[in-house]
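This report covers one complex.

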Amino acid sequence: MDSLMPSFASESPDSSILAPMNYPPQPDTFDELIGQDGSVRTHWQGFLKGFSALDDTDRQAARETAERLLKDDGVTYLAGQDGQQSDRPWQLDLLPLLISQEEWTQLEAGLIQRARLLNHILSDLYGPQQLLKNGTLPPAVVFGNPQFLQPCHNVPVQGGTYLHFLAFDVARAPDGQWWVLRDRTEAPTGAGFALENRIIASRALPDLFDETGVQRLSSFFQTFSHNFLEFSQRDDPLAVVLSPGPQNVGYFEHAYLSRYLGYPVVEGSDMTVRDDRLFLKTVDGLKPVDLVLRRLYSDLCDPLELSTESALGIPGLLQSIRAGHVTMGNALGSGLVDSEVLLSFLPTLSQFFFSEGLKIPSVATWWCGQAQERAYVLENMKRLMIRQVLTPQRNLSQRRLSSFGPDLTARDEQELRQAIIRRGHEYVGREIVSPSTTPFWGGGDQLRPVPMTLRLYLTATKDGYTVMPGGLARVSVQSDPRGHWHEPGDFSKDTWVKSGPFDHQPVVAPAHHTLALRRGGRDLPSRTADNLFWLGRYIERAEAAIRLLRSLFLRTSGEAGLSDEPETLSRLVSLLVMQKHLSPRRAKRAVKGGADMVEAELRTILFDPDSPDGLATILQNVRRTAELVRHRLSQDTWNILIELTSVPKDWARTKGQRMDDALRLLSRMIQHLAAVNGMVMENMTRSYAWRFLEMGRRLERVRHLSKLIRHLASRGTPEETGALNLLLELADSSITYRTRYRAEAKLAAVLDLLLADETNPRSMIFQLHTFETHMNDLPHEETAASLNPAQKIITRVCTDIRLTDMIQMAELAKDSKVRASLVRLLKEIDQGVYQLSEIVAQTYFSHSLAQRISGPQWLEGIP
Amino acid sequence: MIYQVTHRTTFDYTQPVAISHHVLRLVFRNHPRQHSLRSSLTIDPSPSVRSDGKDYFGNPLTHLTIETPHAALVVETQTTVDVEKPEPIHLDQSLPWDQMTDQLQGATDDEMLDAQQFLYDSPYVTIDDDTYDFVLECFPPGRPILAGIMDLTSRIYRDFTYEGGVTDVSTPVKDVLMTRKGVCQDFAHLAIAALRSLGLPARYISGYLLTHPPEGQEKLVGADASHAWLSAWCPSLGWIDFDPTNNCIPSDEHITLAWGRDYGDVSPINGFMIGGGLHTPTVSVDVSPVSLPSII
């Protein structure tokens, strides 16, 4: 056997996964794994040996680890579109792409040169425009490009660095040469996914990862952040990630980067410009923002001067940049050099700026704005990919951008030809690329070659650029590798760049910015506070719903079994209506149908993931708000929340619909909730974030308790019908009652325990006091000695509860069906809750959207 | 000709505005035939931040932020401006239109570079095949540029109906072409799109027009309005204005405020506010000729 290919066709039957017959490299294509002579490339050999030594159990374990991590981290690619929840799970093939160190060094040098070049071009075009004046670039490349933003011309850019964070899409030609397919200079996506892929791949294949000797990614993000923060003049700068918001497809990544870098993720309406300074609205007032990592298209960033239609930007942002108070990464208008129009000019531009050629060529591209190139494209249309460029970024989805020459019908070709003749500058012809192939595993028994492209990331440093040692490899498993390949891939891979023996880089500590000790997390954006408040409310709502369902299920079976006694039935059902699980109409029908029918309804609420009134919907709200504040939650808290919210989904699959299943399911969720509570109480720092979460919980608990008491205790004789025991159970106060009274439940005593007992952590008054304590600790305007509005409400409600004679209130007046004084008190409490919620919102959640002031809609010309 | 131009815009809000940001393009730009002799811009309530400068196209620009709560905003400019008549223009003595692209190719002098900023699609002016087909009738091969543009100007004047309220600032050119209705800015946008589709540089001008009251009636103060037309570039002749709404080549009765690629570049007042509820802008414009002695 050839010593160079030790892992091929070795003795173990398991290694058939790598038998050459099962991995046929394609003719005329470069394969990453197998060289021209049919042997495994040197830099893959160690890895491959280790990989083929994995047995079925190992592989299974790796797959499961990856699946679990993907689920735990909630990695999704497409967040909800059009308000629909349509997250697509991220697709990762665990087998990485390997790149040798020598090759990486070359790639690195080429990409750094290119990044510097693009930065020089931007610097010229948004400044003196020498490149136009000396004829190096035709004006159409700039003036015809919608990404040239006129208002950004001559806007000062700190240190001349337009591009802080950029990416290149590269592919390998059949001769092994790397080519750049696209420059990504606006707000390149995918770096977060590259990091996530690394975390998953290295944990799923830990031994392989260690043995292979792979360069680490984390220092790249540290380098980015360290250098980015240096652009601020202030000692303790505030940096934010500007996102279009959770509706955007990239939001997962925005939040991910935000967590990793420790910058808050914000939307335009979370910020405001005052006195030409950019501020973040926090619960503690306005905080100046120094640096913005922009994940929003440039022209949407300032509706005052850029696209006036944008509701995502910050009016006045450009003025604050001009005033030198804020640095954007990347600078507004950076998308200008993203354009494929530039590709064919880059060799000349490289000569112009550096007096040297391009180290890595671009894919061959002909811009139809020039006569000769246009003629070439028209002549060779069938062999090229025709791409429409110079289209505004935000309109991209509306137009057909790419035409694949070989697939053109005669009519399409004619139309395209016409368009190119008339508006040539909008088109380029591009060589059809057949990229290299790399092995795809997919968790099965076999590897197969699939076409691949690679996105590589760079960040600006003091003296140039640094490349992330790794990247996002994308493979296309559907297309035939011999066929033409022109779409980005459907699977991603981690990229392992092999490290040399002396590669250990110590982490560089920030030099300029000294670490200031801080306590309390004061920069809480008001939107995050809002979301935390609601997360608290939703968690509490879920807990209430789960406890209620469990109690009801318990009463439908066994010793305490549900009789067809109409009063009990209708009381149970009325609770379901109260919780909005059932409409009054369906409730009436269920009661008529008797115990079986009620049981059936209960099962739908519990198990049907599609029922809008079911448990799944309540948990979905928990999940959604948790995602929005994930950067404020610990990984463990997050994991428990994910477990909790995916319980019904997992159980629906098993079709376990027996009573016992239901009870086990509910108990498990209650345990998860207890764990969340424990995490929140024990592990969250007592910051504003914690207080808002707590305030939400407390208010929701008061609201729910009030409803329960009204439904179970305001009419009839609850002692006799079992309603009182149910009430104690739902309020989680049964044990307390029993230890205190050692007797049958009596209404007056129960009301005292649930309303007025300050030592009962489930009582109304306890919630209100806790709420008040939190509220007092939040920043507020110093006022006179008098109580503020929230304190007034709480004091009034608490006093009324304390002054109530419970024994008297428990009595039912003759000829009266309802305990009127109880109902009155509950109504007052409900009103108080509503007002407190409003006060919190008005005081702390001020992310109101600036609206456009439209001038006259049309001009009254004089005919 | 010397004019006194008063342009006053009032915004009445149904609720107080807490903070507002504005960009104004209301101060007249000068050009070889036009000079401002005196100009003032007043803002009520007075802004906490104000900066005056020039935009990318050289138009005077004012940024302001008002941080005092206010229920109304009044912006007023008063300008005394001197406008000269242009040299007589000989339409047939301009370059044949189909030679323009070659002339511009590879040109690097300032004037030609500047002209090429007005050659491509812009946010409010999208060029498509319909505009191309529409304009081609006015431009048979070899026709002098200015003769063709005058023909286009007359054709829009003749075939399109001036009607307010059917379009707004965002009405696409292709809709105007289809309905054949619109106001001055629609006609300017259409003509600009048409010329650019042929590779001829054209820009949008916002300004004012001296109006003449019907015979025997007195001119009403404040009844004038903003106006819009276009300007086209021709080698060796420079920029020549055309007004399709009035079927003429503007002389000294058209007063230029600003120019850009389309309305979006010269929109007189842009603003964003927090609070404010609903609002209605009221505009009053007055253009009056003044006799020289009164201003000296």
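Apart from its neighbours within four places in sequence, Ala191(B) is in contact with Leu152(B), Thr153(B), Ile156(B), Ala202(B), Leu230(B), Phe242(B) and Pro244(B); two residues are in contact if their C-beta atoms, placed from the backbone, lie within 7 Å. Ala191(B) is also among the residues with the most contacts inside the largest nonpolar core, together with Val240(A), Leu230(B) and Ala232(B). That core has 204 residues. A nonpolar core is a set of buried Ala, Val, Leu, Ile, Met, Phe, Trp, Tyr and Cys residues joined through C-beta atoms within 7 Å. A residue counts as buried if 20 or more other C-beta atoms lie within 10 Å of its own, as exposed if 12 or fewer do, and as partly exposed in between, with C-beta atoms placed from the backbone. Another core, apart from the largest one, has 96 residues, including Ile539(A), Ala545(A), Leu548(A) and Leu755(A).

The model is predicted: local features need pLDDT of at least 70, side-chain atom pairs count only at pLDDT 80 or more, and totals for chains, interfaces and linings use all residues. Residues are numbered from 1 along each chain as its sequence is written, while chains are lettered from A and ligands numbered from 1 in the order in which they are written. Chain B averages a pLDDT of 91, and 97% of the residues score at least 70; pLDDT is the predictor's confidence in each residue, from 0 to 100. For the complex, the predictor gives an ipTM of 0.94 and a pTM of 0.85.

Chain B contains an open sheet of four antiparallel strands in the order β10-β9-β8-β11. Helices (H or I, at least four residues) and strands (E, at least two) are DSSP runs, numbered from the N terminus, and two strands pair if DSSP finds at least two bridges between them. At the edges are β10 (238–242) and β11 (254–260) of chain B, each pairing on one side only. Neighbouring strands are turned by 35° against each other on average, direction ignored. Strands β8 (residues 202–209) and β9 (residues 226–234) of chain B are joined by seven bridges, and Tyr204(B) stands opposite Leu230(B) in β9(B). Helix α6 (residues 184–197) of chain B packs on this sheet and touches β8, β9 and β10 of chain B; its direction makes about 15° with that of β9(B). Axes are lines fitted to C-alpha atoms, for helices over the stretch in contact, and angles run from 0 to 180 degrees between N-to-C directions.

Chain B is divided into domain 1 (2–83 + 267–295) and domain 2 (91–265), with bounds from an automatic or database domain assignment. Their C-alpha centres lie 25 Å apart. In the contact between them, 18 residues of domain 1 of chain B meet 18 residues of domain 2 of chain B. On the domain 1 side, β13(B) gives the largest share, five residues.

Between the chains, the contact takes 45 residues from chain B and 37 residues from chain A. Of the chain B side, β12(B) supplies the largest share, six residues.

| Residue | Phi | C-beta neighbours within 10 Å |
|---|---|---|
| Asp276(A) | near 60° | 18, partly exposed |

Asp28(A) is in the segment before α1 (42–52) of chain A, and Asp276(A) is in the loop between β6 (271–274) and β7 (277–282) of chain A. The peptide bond from Asp44(B) to Pro45(B) is cis, with omega near 0°.
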